[in-house]
Amino acid sequence: MAFDWMKIPYSLLTLFIVVNYGFLLGAFIQKIGARAGRRHGIPVWQNYLDIIKNYGQRSSITHGVMFYLGPVFRLSGGVGLLLFVPTIYGSYMFSNLSFAGDLILALYFVFFGTLGMALGAGESGHPHAAIGITRGLSQVTAAELPFALAVFSVALQYQTLSVTDIVGAQQGSFLNWTLFTNPLAVTAAMLGFLGSMMRPPFDVVLAPQEIPIGPPTEYHSSYLALMQTNRAIFPIAKIVIYMNLFFGGADNWASFFLKVFLIYLWSAFVGVCFPRFRVEQSIRWFLIWPVPIGLLSILVV
Amino acid sequence: MNLSDLYNRLKALFPLGELTEQRPDLAFVTLPAEFLRPTLLHLRDREGFTHLVLLTAVDWLEEGRFQLTYLLSNRTQACDIGLRVMIDRPASGLATMDSIHDIWPTAATYQRELREMFGIDFPGSPRIDEEFILEGWNDIPPYRRDFDTLKYAEASYNQRPGRETRDPATHMKQQLYPDTEPGGKP
Amino acid sequence: MSMKPELMKRMVKGPDGVEFEVEPLRDYYCEAPPTVMPAAYSKIVEDLFNWARAESLWILGFGTGCGAIEMRPLMTPRFDAYRYGIQWRPTPRQANLLVISGYLSVKTLKRAIRAYEQMQSPKYVVGLGSCTINGGMYWDSYNTIKRLDDYLPVDLYITGCMPRPEALLAGFTDLKKLIKAGKGEGANQYAENFAWYKANQKQVIHDWDMPDYNW
Amino acid sequence: MSYVPDRSQYPAKKADGTLDIDLTSGKYLKLWQGPNHPGITGNMSVELTVCGDEVVEGKTHVGYLHRGFEKLMERRTFIQCFPIVCRICVPEPDFNEYCYAAAVEELAGIQSPVRADWIRTLILEMGRINSYMMYLGGQAGAFGLGVIAQWTTYVRDLMLDRFEELTGARIYHMFIMPGGVRDGLPEGFDQRMEETLCEMERTLKDVYEVMFCNAVFKKRSVGVGVIDPAWLEAYGVTGPNARAAGVAKDVRKDQPYLVYSELDFAPVTGQDSDIYTRADVRRRDVLVSIDLIRQILAKMPRSGPLMAKVPNVLHWKIPRGETYIRGECSRGEYGYYLVTDGSGYPRRVNVRGPSYTHAMALLERMIVNVNISDVAGLMVSLHTYPPEIER
């Protein structure tokens, strides 16, 4: 089909909505975590203030070109991931630039940001950053493995690689969701999801008590603000993929917000009540539990 | 355990000084420096004083001596004995004493502190010459009696004007007890 | 001045067998003195920035003295400082408020200076407790500095030994007022009187084995 | 599936037993943990030499908090020393006050009143609970379980309120004077204390379920950081660190001071001396302290003098003598060695803090071959407070 230029402003609109929702959702999840600690927690608009403050810092230093490009890569990873999956199913405005075979592209984008971050933080030359990168790459790889397996199993199940078609196949009653038609794959993917969200028990990459605070150690003012923006977009984009693949997508913004919030909450709840694994322990955990489930799901399909 | 009995048993073996029974479960004994190591080993292995509580020094400036106190504790008998070793105190430069870090590894820490704070050297003790607490110290060891901390502080740090410091004795005498005889300072 | 061996200029043979020269003081730090950072051109933008800076204070998690013990109650349920946009940052790069929590021994002063210089401007310093003002309890101690503002540009002092969390919250509220009024220019003040501050610092830090300014 | 490290890269030992570490070889990395580090206990620093993911050598550096108390006290009269001793150890200051007061009383031949002894015991136990609460939060936080710190600090604040109504201060109480205590219990103190203790027991129950029954926490802490019982005497290990190794070292039982001989309790011990056991011993020790406070409030005399007869403090001279007073604080044996020379000023005061041995010699011995991730947890599990190392 011919490329429709109108899609570009529309997808930018999607981006705008998602960014704001990401900021608010992040603060809200933090408030929920604070509730567990009998606190009130930060105000919901705190993230905006931090962003403005960080962009408003007057001085900033550099460690080289890759140090600049690191947050940029990360941000483009998040944005790209978001732009190439349909946010709202069936809506012309918010189906973004998705085309056939975009599932592989999405998988690539999930990893893209981490790699860019690794390169950038490596340039900063801080030992804590270096240790954090080695931990992060190994753990993210282990966490992506079950997700990839689950994605393949879903792709086999629906005989397509287009997210749009997969979502379309899940419409109708919620019994058509992959959650019920292929529970094994969903279990594997959700367990892997924990690992990729950088929350306990899999946040040893950023563990403040051990390597403060991992890869972003040297990042400050504007760089940090870029990464915060990405921290708002990237989880949402990832959740959008999960939602489309496993939870029947969303056909209007209301259900979109609701589903994203619930999926996000899943990782937050686990995060509040668990300490963190050591990196080799977490990798072992991923290889023992989710990966076999993922393989099993492929076999079942 | 009765500490005077222990003292008599030890006196048969080593030339000990007088015994000061501070409490029924705490006594101090003076002994010459060369007999310190055998006494410590005897106390640790035969008498069950296995716990080195502390090792510290007292600066008797007037007598020109350092007093090293090795305080040992016997947990099963619930009593402590402190060994006082008097070593002579050079007016400037390091005093010397032999190290006991091979008997109690943790003594190395105490000896590092004594080396820095009193200027007592323990040759052979691990990391003895590294800086322990102070950094870039350029005066006589601060715990010696002839080091005046107030003078040093006023000389090296600029004070904030407006702070009054009075001698409490005279101040409280004027304020509270105008009728008492003046409090003496040494 | 005693130079630590790992700071000396030397030839290093890497794992790949290539010989190269490292001079840590030159390689790892930049020695350019700080410059005065101008405010944003338009006043509205600067006011917006100041408002955001005031409302998101990121404290550097560096407990330099006794006062640090009241920091945990400050961050926990009873006095929940997160409500006011106050958070901990573990690394000086991302913090913009350095809380000197209590007396500073000379050894800690050295680390505090380096932590302060690694923070990004605008940055603020809050002195906690009487001992940062005039020595307090330790007025005659040979190892603690007596007035903090000779060595770092202090924006605010919080008195007490030690200050209660309520006092800390009140102090931070006042600091926010200062910043919103555009008075929180400690970094520029440090840059303007750089020579004076350095002279004071080197007067008490006898083994100065670091660059004059590390970022 | 236990973690088997690759020792092929490890440094060889030199003749004098020290490791032969060539930093220019690129095999080793120097990591400074602290002083500006969230995982460090207070303001100290550990210089780690890591090889791969494991520590091959660790050196403790202290002195960032040195104020020279032992020098300052030599130029202050006996009563002037009293307000500054509590500054030596911040999280549990009362032991400084008690040990100093008891030492002065012994050398001056003063007998503190019975009622004062009971109140002193009460204050020491309250301080012990505070210190343990700080520890539990820190131990969980070192392994990334931040919520425990929130809960324990919340109940610690409640206990600080009791301190406040008793002594008038949150942290530095300056309540145990040489000769007795400043004041008696306020009105209705027992009942409010009882509420606090109940709240504390509830919180400890939650802590037990979330922290000690947590699979991940066990995986991190069981079998990590073991203290060999053979090291106990060599490194002068005391307190919970020794009790977790199966040795019931507790000054409160071995050499009862104050009124502990009239109280009924048993030292808490554990067997396998790892991080988990040390944490569990301290958790159970809090329960013991709670029980002790209840006993004290039930048994203590409600009337009687609070201060013994003390000579005019302005020219209070104490004859020449030396003594050592010890108490069981939350980290181990806390002691004051006081020497007087007949003048109005102490000749020499030496503070023996348990962290002095735990954080220096013992930590440097234990930290070898530990994963970087566990260093923070190991350090916290020794429960060291830097201020009492360097005074």
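Visitor: How many residues of chain D are in contact with chain B?

Guide: The size of an interface is often given as the accessible area lost when the parts come together. Here residues are counted instead: 37 residues of chain D are in contact with 39 residues of chain B. Keep in mind that this is a predicted model.

Visitor: Which elements of chain D give two or more residues to the side that touches chain B?

Guide: They are the helices α1 (69-72), α8 (231-234) and α12 (354-366), together with the strands β6, β7 and β8, of chain D. By residue type, that side of chain D divides into 12 nonpolar, 15 polar and 10 charged.

Visitor: Which of the 5 pairs of chains in contact share the most contacts?

Guide: Chains B and D do. Another contact takes 16 residues from chain C and 15 residues from chain B. On the chain C side, α4 (106-118) and α5 (130-134) each supply at least two residues. The residues on that side of chain C divide into 7 nonpolar, 3 polar and 6 charged. Chain A and chain B have no contact joining them, and their closest C-alpha atoms lie 25 Å apart.

Visitor: How many bridges join β6(D) to β7 of chain D?

Guide: There are 8 bridges between β6(D) and β7 (residues 333-340) of chain D, and the two strands run antiparallel. To find one of the pairings, look at D:Arg326, whose bridge partner in β7(D) is D:Gly335.

Visitor: Where is D:Ile318 found, relative to β6 of chain D?

Guide: D:Ile318 is in the loop between α11 (275-299) and β6 of chain D.

Visitor: Is D:Ile318 buried or exposed?

Guide: The way to read this is to count neighbours: a residue with 20 or more other C-beta atoms within 10 Å of its own is buried. D:Ile318 has 22, so it is buried. Leaving aside neighbours within four places in sequence, D:Ile318 is in contact with D:Phe78, D:Leu107, D:Ala108 and D:Thr340. As for D:Val339, it is 21 residues from D:Ile318 in sequence and 9.9 Å from it in space, C-alpha to C-alpha.

Visitor: What is the order of the sheet that holds β1, β2 and β3 of chain D?

Guide: The order is β1-β2-β3 (chain D), in an open sheet of 3 strands with antiparallel pairing. Its edge strands, β1 (29-33) and β3 (54-61) of chain D, pair on one side only. The twist averages 20° from one strand to the next. Strand β2 (residues 45-51) of chain D is joined to β3(D) by 7 bridges, and D:Cys51 has D:Glu54 as its bridge partner in β3(D). Helix α13 (residues 372-381) of chain D lies across β1, β2 and β3 of chain D, running at about 150° to β2(D).

Visitor: Which residues touch the most other members of the largest nonpolar core?

Guide: In soluble globular proteins, nonpolar side chains tend to be buried together. The largest nonpolar core here has 282 residues, and A:Tyr242, C:Leu97, C:Leu98 and D:Ile148 touch the most other members. Helix α4 (residues 114-142) of chain D gives the most to this core, with 15 residues. Beyond its neighbours within four places in sequence, D:Ile148 has contacts that include D:Leu136, D:Ala140 and D:Val207. Another core, of 7 residues, lies apart from the largest one, and A:Ile51 and A:Tyr223 are among its residues.

Visitor: How many helices and strands does chain D have?

Guide: Chain D has 14 helices and 8 strands. Its radius of gyration is 22 Å, close to the 21 Å that the globule rule gives for 391 residues, so chain D is as compact as a globular protein of that length. Of the 391 residues in chain D, 59% are buried.

Note on methods: Residues are numbered from 1 along each chain as its sequence is written. Chains are lettered from A and ligands numbered from 1 in the order in which they are written. This is a predicted model: local features need pLDDT of at least 70, side-chain atom pairs count only at pLDDT 80 or more; totals for chains, interfaces and linings use all residues. Two strands pair if DSSP finds at least two bridges between them. Helices (H or I, at least four residues) and strands (E, at least two) are DSSP runs, numbered from the N terminus. Two residues are in contact if their C-beta atoms, placed from the backbone, lie within 7 Å. Ala, Val, Leu, Ile, Met, Phe, Trp, Tyr, Cys and Pro count as nonpolar, Asp, Glu, Lys and Arg as charged, and the others, Gly among them, as polar. A nonpolar core is a set of buried Ala, Val, Leu, Ile, Met, Phe, Trp, Tyr and Cys residues joined through C-beta atoms within 7 Å. A residue is buried if 20 or more other C-beta atoms lie within 10 Å of its own, exposed if 12 or fewer, and partly exposed in between; C-beta atoms are placed from the backbone. Axes are lines fitted to C-alpha atoms, for helices over the stretch in contact, and angles run from 0 to 180 degrees between N-to-C directions. The radius of gyration is taken over C-alpha atoms; the globule rule is 2.2 Å times the number of residues to the power 0.38.
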